[in-house]
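Dear colleague,

Here is the structure I said I would pass on. My notes on the chain contact and the pocket follow below.

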Number of protein chains: 2
Amino acid sequence: MTPRGRRPAGSPDARDAILTAARAAFAREGFSTSLRGIARQAGVDPALVHHYFPDRARLFAQAVIVDAEGAGLDVEAVVERLASLRAEDLGEGVVRLFLTTWQTMGADRFTAMVRAAMTDDLARTSLQSYISSELLEPVIARHAADRPVLRAQLIASQMLGLGVARWVTEVSEIAAADVEDLVAIYGPTIQRYATEDLPGA
Amino acid sequence: MTPRGRRPAGSPDARDAILTAARAAFAREGFSTSLRGIARQAGVDPALVHHYFPDRARLFAQAVIVDAEGAGLDVEAVVERLASLRAEDLGEGVVRLFLTTWQTMGADRFTAMVRAAMTDDLARTSLQSYISSELLEPVIARHAADRPVLRAQLIASQMLGLGVARWVTEVSEIAAADVEDLVAIYGPTIQRYATEDLPGA
């Protein structure tokens, strides 16, 4: 017997219910939100949260970053999509992908993600690992550019700043701009960071 | 008579003592730190804090942003320095100025500033007003580039992202790089945002 109102561990919905509850809780209360509270909202036993997500960072990464829409987003599919672009379209492709993903994510959830990354080491590590190591570095390496780690970090530094300007601090012109105008403005920056010769050591 | 251990209101040191205490308190406790606590640390009457700095945002802007070194830094002097550069040196000049100023400010104080700007509307308004309206827009206008507000916001979006990467999240390659390597890498980005033709509306 499971407790009244709780989903049994074998339920195919349990993992999804945990992710949905986690997304809401992280957005509302930040990275330090209670995992027991998430279990309660999801209607599952707290042990089941731990079963699917061994630590808070992995739950955060999956709920907030990887699968922002709850649509089963998969990092390999995103890498594949970017890697299949022609090298010279990579800059615009990266800007468009980030902007449309974060737009769907919404300002509140994006803000929660950024605040968590800036105040908590585990959240920061999750976000960095996802954006730089799992997503951008493989794409850059597929385009045979040198120094993929530096390039991924340069790209992330501009995309994060753009995201903050558009959704967290909401500065007027960047918040109001069309996605395609931002793609045209920021695309050449990201293109240079991704594939062109870089000065320095 | 002033209370024992307190500086009299007329003391030339009182304002400096408030700024020094405020810098430490904002760095330690964030934007919402107690103004009474700052007055206590500075050894002044709380009314004197209010006398010099009518609201929290102005105290924050002066203590943390404008005068990070307590060296009487003056925004007009910074604008003058940047405006006196040749137009084609503006990108590198802006990157070098921000990086050296923030380096002096230190990672803790920079982090406190960014966190405050992301969690508090008044701190955000102070920071934006200082970086965009008072500093970058006049410099861009002096170089006769169009759309100074958009250009200032584009520059701020990259410089903020770079600062976060170097001092808040401390991503490996950007945190370890020499200032002049970063100037060479980011200079052309800022140059384009500041003076070159931009696509879009």
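**Interface between the chains**

Between them, chain B and chain A bury about 3,100 Å², with 62% of that area on carbon and sulfur atoms. On the side of chain B, the residues that lose the most area to chain A are Met118(B), Gln153(B) and Ile185(B), which together make up 21% of what that side buries. Please keep in mind that this is a predicted model.

The contact draws 35 residues from chain B and 35 residues from chain A. There are 18 residue pairs in polar contact between chain B and chain A, counting pairs with both residues at pLDDT 80 or more, and 0 salt bridges.

The elements of chain B that give two or more residues to the side touching chain A are α7 (107-119), α8 (121-142), α9 (148-168), α10 (172-176) and α11 (179-195). Of these, α9(B) gives the most, with 12 residues. By type, the residues on that side of chain B are 20 nonpolar, 10 polar and 5 charged.

**Largest pocket**

The largest pocket has a volume of about 320 Å³. It is lined by 20 residues, and the closest to its centre are Ala27(A), Gly30(A), Thr111(A), Ala112(A) and Arg115(A). At least two lining residues each come from α1 (14-29) and α7 (107-119) of chain A and from α7 of chain B. The largest share, 8 residues, is supplied by α7(A). The lining of this pocket divides into 9 nonpolar, 5 polar and 6 charged residues.

Regards

Definitions and conventions:
Residues are numbered from 1 along each chain as its sequence is written. Chains are lettered from A and ligands numbered from 1 in the order in which they are written. This is a predicted model: local features need pLDDT of at least 70, side-chain atom pairs count only at pLDDT 80 or more; totals for chains, interfaces and linings use all residues. Side-chain values use heavy atoms; hydrogens and water are left out. Contact means heavy atoms within 4.5 Å. Buried area is the accessible area (1.4 Å probe) that two parts lose on being put together, summed over both. A salt bridge is a side-chain nitrogen of Lys or Arg within 4 Å of a carboxyl oxygen of Asp or Glu. A polar contact is a pair of N or O atoms within 3.5 Å; within protein, one must be able to donate a hydrogen and the other to accept it, and residues adjacent in sequence count only if both atoms are side-chain atoms. Helices (H or I, at least four residues) and strands (E, at least two) are DSSP runs, numbered from the N terminus. Ala, Val, Leu, Ile, Met, Phe, Trp, Tyr, Cys and Pro count as nonpolar, Asp, Glu, Lys and Arg as charged, and the others, Gly among them, as polar. On a 1 Å grid over the protein atoms alone, a cavity is a set of points where a 1.4 Å probe fits but cannot get out, and a pocket is an open set with protein on both sides within 12 Å along at least five of seven lines; lining residues have an atom within 4 Å of a point. Grid points are joined across faces, edges and corners, and a volume is the space filled by probe spheres set on the points.
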